[in-house]
Each structure stands twice: as C-alpha cells, then as structure tokens.
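Have the model open while you go through the points.

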Amino acid sequence: MFLKNYISEVAGAVKSLLKGMKLTGYYFTHRKEIITQHYPEIKPQLPERFRGEVVMLHDENNEHACTGCTACELACPNGTIKIITKFDITPEGKKKKAIDTFVYHLELCTMCNLCVDACPTGAITMAQNFEHSVFNRNDLTKKLNKPGSKVRAGVE
Amino acid sequence: MYRTTDILEHKQSPSAGGVGEAEYMVINVGPQHPATHGVLHLVITLNGETIINVEPHLGYIHRSIEKMCESLTYRQFIYTTSRMDYLSSHINNHCCAMSVEKALQIEIPERAKYIRVILDELTRLASHQLWWGAMAMDIGAITPFFYAFREREMINDIMEETCGARLTMNYMVPGGVMFDLHPNFQKRVKEFIAFFKSKIDEYDEILTGNVIFQNRVKGIGMLSKEDAISYGCTGPTARASGVSCDVRKLYPYELYNNIEFDEIINTGCDSFARYQVRMQEMKQSLKIVEQLIDNIPEGDFQAKTKAVLKLPKGEFYTRVETARGEFGVYIVSEGATTPYRIKFRSPGFSNLSALNHMAKGNKIGDLVAIMGTIDLVIPDIDR
Ligand code: SF4
Ligand code: SF4
C-alpha cells in the first residue's frame with residue numbers, strides 16, 4: 001500500500017513537471033510568440049497622452065499662449081515651476097503683465113499633469129520625450145518659453 | 001542592528017524550544033535584498049535553520065508622505081498616494097478622490113464611475129499578475145515571471161494610452177477623472193480580456209500544479225482566522241484564512257453594489273490558500289470588467305468643481321479595496337484648503353505584522369515563500 005502511494009505520487013509529480021515543461025517548450029520553439037522589444041535600436045511608439053516632460057507650445061511666429069497668470073505654479077505640488085513675470089507696455093500706453101521666464105525644474109517634476117490641467121489658456125502640454133539623462137544636473141533646469149517669443153495676440 | 005535583549009528573552013522563554021544558548025543566530029535580510037521586493041529590512045533570529053523570530057525594521061524609505069500631505073491642497077495630495085502602493089496606484093487615487101467628494105458632497109457623473117471601476121479592476125489584475133510572477137521567482141521559478149509580464153504589459157499599454165502613465169497615473173481627480181477615455185480603450189480592453197482568458201489556464205499549468213511549488217507552499221505559513229482578525233489583516237491574506245473582508249462587498253462604493261462578482265474566501269489558512277485566492281480574484285476582476293466594458297454610458301467624465309477646494313470642518317474616512325486589502329484615507333479638516341492631518345491606512349502594514357506569526361517555526365527557506373504570498377509592497381508599508 002505504501003509503495004503504491006509512493007509510486008503514484010512520484011508519477012503525479014513527474015507528470016506535473018512535464019506539463020510545465022511542455023508549455024515552456026512551446027514558447028521556446030515558436031518564434032512568433034517572442035515579445036522582446038529592442039529598445040535603444042528601435043524607439044518605442046508612445047501614445048500622444050504619454051507624460052514625458054512639460055513643454056510650452058509655440059507656433060510658427062514664435063508666439064505662445066502663456067499670459068503669466070501663475071495658475072500652473074500654484075497647481076504644482078513640488079514647486080517645479082517658477083514663473084517670472086514682467087510688465088509690457090501696450091500700444092495704448094498701459095502696463096500689462098506678461099511672462100518673462102518660465103523656469104521648469106525637470107528633476108523635481110513627477111509628471112502629474114496638474115499644471116497642464118490648471119492652465120486656462122492651454123499654453124503648456126506634455127511631450128513624449130522620456131530620455132532625460134544628462135551629465136550635469138543644471139541641464140535639467142529648463143526655460144520653456146523660447147527666446148524672443150511673445151504672447152499670441154488675443155490670448156487673455 | 002539587532003538588540004541583544006531580544007535574543008536573551010528568547011533564550012529564557014520556554015516556547016523557544018529549550019535549546020542551548022549558543023545555537024541562536026541573528027541575521028539581517030535586507031534592506032537591499034532581492035527577495036524582499038524593495039527595501040524591507042528583516043532581522044531574523046534563527047536556531048539552526050528554524051525561524052525563532054522575525055522582526056521587520058521600517059524606515060529605510062520613509063518619505064513622510066502623511067506629513068507632506070498637510071501642506072498640499074486637496075487636488076495635489078492625491079498624486080502622493082500613487083507612490084505608496086505603486087501597484088494599486090489607481091485604487092489609492094480613487095480612495096482619495098472619493099473622500100474629497102464625500103466631504104464636499106459632489107455627485108460624480110455615471111460615466112466617471114464606470115471608468116473608475118474598470119480601471120480599478122484592471123489595476124488589480126495587473127497587480128496580481130506581477131505578484132504571481134514575482135512570487136514564482138521567489139520560489140525559484142524564473143519562467144512564470146516573463147509570462148506574467150507579457151500580460152501585464154498589455155494593461156500597462158492601455159493605461160499609458162488613456163492616462164498618460166504606466167504606473168503613477170494620477171488620473172482620478174475630485175469630481176471624476178482627468179481626461180476622457182481614449183477612443184481605442186474599449187477595443188483594447190476587449191482584446192486584452194480575450195487574450196488573458198486564453199492564457200490564465202497556462203498559469204495553472206505551469207505553476208499551480210507543479211509539484212515543487214505545491215510542496216513549497218502547502219501547509220506553510222499558517223494564519224488562523226482569529227489571528228488574521230487580531231493582526232488586522234485584510235485583503236487576500238485575510239480572505240485565505242476565512243475572514244470575509246472585501247470592502248467592495250461589505251461597504252460597496254461607486255458601482256460595486258450593482259455588479260455581479262463573488263468574494264473569494266478560502267479556509268486553507270496556508271500559503272497555498274493565499275495563492276488560490278489571488279488566482280481566483282483575477283477571474284473575478286475579469287468578470288467585472290467584462291460586465292462594464294460594453295455599457296459605459298455617454299456623458300461627462302468630470303463633474304464641475306470649484307477651482308479651490310475647501311473641505312468643511314470635520315473628519316472624513318473613506319475606504320476601498322486595493323489589490324492587497326483595505327486602504328483607507330482619514331482626513332481631519334479645519335476648513336482650510338489643506339488638510340490639518342491625513343492618515344493613510346495601508347493594507348501592507350497590517351499584513352506584514354502577521355509575518356512573524358506565520359514564519360515562526362518554519363525553515364528559513366520558507367520565509368521568502370511566505371513573504372511572497374502576503375504580497376508585500378514596501379513603499380506601502382513604509383510611507
Ligand atoms: S507635471 Fe506635476 S510636478 Fe510636473 S510641473 Fe506639472 S504640476 Fe508640477
Ligand atoms: S502656462 Fe498657463 S497657467 Fe502657467 S502661467 Fe502660463 S498661462 Fe498661466
């Protein structure tokens with residue numbers, strides 16, 4: 001009786017192992033099941049909503065939609081954004097608040113999208129670039145409004 | 001980092017087995033040990049190969065999230081909870097958003113509810129898949145890890161397309177969800193369901209029936225029903241000891257009272273029972289997603305909320321069922337824009353506290369298997 005149990009146990013064990021081996025063998029011999037992606041050689045196709053970094057949208061006239069309202073700075077949980085404003089003189093001779101520098105600390109950003117959500121004019125958005133490594137930490141502090149750019153007419 | 005008094009206590013206690021003094025050995029596992037899935041530090045007292053005591057030391061990745069939340073507004077604090085249990089980040093975010101909505105009495109649109117529940121269940125599936133692969137790897141089987149990640153990758157891709165991130169989504173906002181679903185969402189989820197249904201049997205084939213695996217988990221790490229309750233265990237860890245504790249059933253939130261699904265309860269009390277509970281929960285999650293995916297109503301995905309959220313004075317507690325158990329957010333508000341105090345009740349912490357009880361008397365090789373079945377996520381424990 002003991003021997004019988006023992007043999008059936010061993011047989012069951014061997015069967016279970018073979019069953020698993022059969023499955024791994026199947027994947028080993030079927031090339032079409034391979035799912036490896038060769039990352040540095042072939043860049044992945046990222047969806048358009050992917051959050052890689054915050055960027056400011058500029059059109060062909062080097063104009064953006066940022067009014068310098070600092071809503072994004074207030075929405076950011078980490079102090080990643082610093083808006084430095086200045087006063088422009090409008091043609092009518094009035095003073096108008098405008099953006100001077102949009103400082104973005106990429107090293108602090110958690111890609112939470114709250115700033116993009118908070119912006120009333122849709123001036124900033126998320127870009128797909130995800131390869132952010134640099135040799136110097138200071139390179140991660142970015143100025144998002146391009147040099148010489150100004151706010152698009154009509155954006156309040 | 002061990003305290004000599006601990007060892008002396010054990011030497012004196014009769015329950016230690018009455019062995020000679022010189023035979024105790026104290027070893028450190030972690031904080032950086034591949035088997036602890038993160039930075040858990042365990043101080044283990046051994047008698048030969050038998051575990052006498054396991055003492056978790058926390059604090060290695062403490063980020064003081066609760067304190068940090070006190071200076072964040074009610075929109076901002078949600079993202080920090082993705083950094084706690086990063087495998088259930090959607091569900092954690094959901095709980096926070098829900099507690100703010102409850103306090104402000106915001107009624108969220110029906111469509112947002114559907115989106116939330118579907119994404120919750122997909123998160124649970126992804127979490128259990130990762131657990132399955134990682135647990136098999138702890139025990140020594142490398143191959144299942146790749147199979148698990150193949151399916152998990154599909155969920156991550158769906159998340160990436162709709163939420164913009166793969167792990168720390170921050171997609172739930174007070175009032176609903178951040179953006180509408182991606183147009184491809186339904187199609188891809190259905191593809192995933194069909195694919196996963198054809199593969200879930202492979203999981204059983206390669207691991208569940210395997211004789212080596214069964215010998216490693218059966219009868220190991222016993223946790224009786226009484227102990228599970230007294231340690232405050234929740235989630236699959238407690239349900240495998242016969243405790244009915246599914247928040248989705250007991251305190252239904254969002255749509256869960258209209259959905260047909262079973263609470264999986266097993267009375268095996270051992271590591272294998274915990275394994276089986278999670279395996280069956282995957283099937284239940286699939287069932288929930290299948291029920292909802294075709295009926296997502298049209299409409300808004302976010303309710304209108306004020307730009308600045310101010311919670312009324314008072315205390316608010318909300319709980320949800322994450323992949324690991326009950327997650328709770330307790331907010332004390334003084335009526336300001338930031339909380340006065342926030343406490344997170346994380347499932348991993350209570351589940352870890354039962355580890356000593358489960359591991360005592362087992363061999364050191366089984367410790368990793370036991371830790372695997374309680375599915376520890378260290379940032380969730382040590383926040
Ligand atoms: S994505 Fe989040 S962390 Fe990054 S700048 Fe915007 S609000 Fe700040
Ligand atoms: S990016 Fe948008 S939110 Fe930020 S300052 Fe400019 S306009 Fe305001």
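**Notes on the ligands and sheets**

1. Let's start with ligand 2: the space it takes is the largest cavity. A cavity here is a set of points, on a 1 Å grid over the protein atoms alone, where a 1.4 Å probe fits but cannot get out; a molecule sits in one if more than half of its atoms lie within 2 Å of its grid points.

2. Before going on, some ground rules. This is a predicted model, with local features needing pLDDT of at least 70 and side-chain atom pairs counting only at pLDDT 80 or more, while totals for chains, interfaces and linings use all residues. Residues are numbered from 1 along each chain as its sequence is written, chains are lettered from A and ligands numbered from 1 in the order in which they are written, and side-chain values use heavy atoms, with hydrogens and water left out.

3. Who surrounds ligand 2? There are 13 residues around it, and the closest are Cys66(A), Cys69(A), Thr70(A), Cys72(A) and Cys119(A) (near means a heavy atom within 4 Å). The shell splits into 9 nonpolar, 4 polar and no charged residues; Cys counts as nonpolar in this scheme, and Gly as polar.

4. Chain A has an open sheet of 3 strands, ordered E3-E4-E6 with antiparallel pairing (strands are DSSP runs of E, at least two residues, numbered from the N terminus; two of them pair if DSSP finds at least two bridges between them). E3 (81–89) and E6 (141–143) of chain A are at the edges with a single partner strand each, so one side of each has no neighbour in the sheet. On average, neighbouring strands are turned by 30° against each other, direction ignored (axes are lines fitted to C-alpha atoms, and angles run from 0 to 180 degrees between N-to-C directions).

5. Within that sheet, 3 bridges connect E4 (residues 95–105) of chain A to E6(A). His105(A) stands opposite Thr141(A) there.

6. Over in chain B, another open sheet of 3 strands runs E6-E7-E8, again paired antiparallel. Its edge strands are E6 (314–321) and E8 (341–345) of chain B, each with a single partner, so one side of each lacks a neighbour in the sheet.

7. E7 (residues 326–333) of chain B is joined to E8(B) by 5 bridges, and Gly328(B) has Arg345(B) as its bridge partner.

Definitions and conventions
On a 1 Å grid over the protein atoms alone, a cavity is a set of points where a 1.4 Å probe fits but cannot get out, and a pocket is an open set with protein on both sides within 12 Å along at least five of seven lines; lining residues have an atom within 4 Å of a point. Helices (H or I, at least four residues) and strands (E, at least two) are DSSP runs, numbered from the N terminus.
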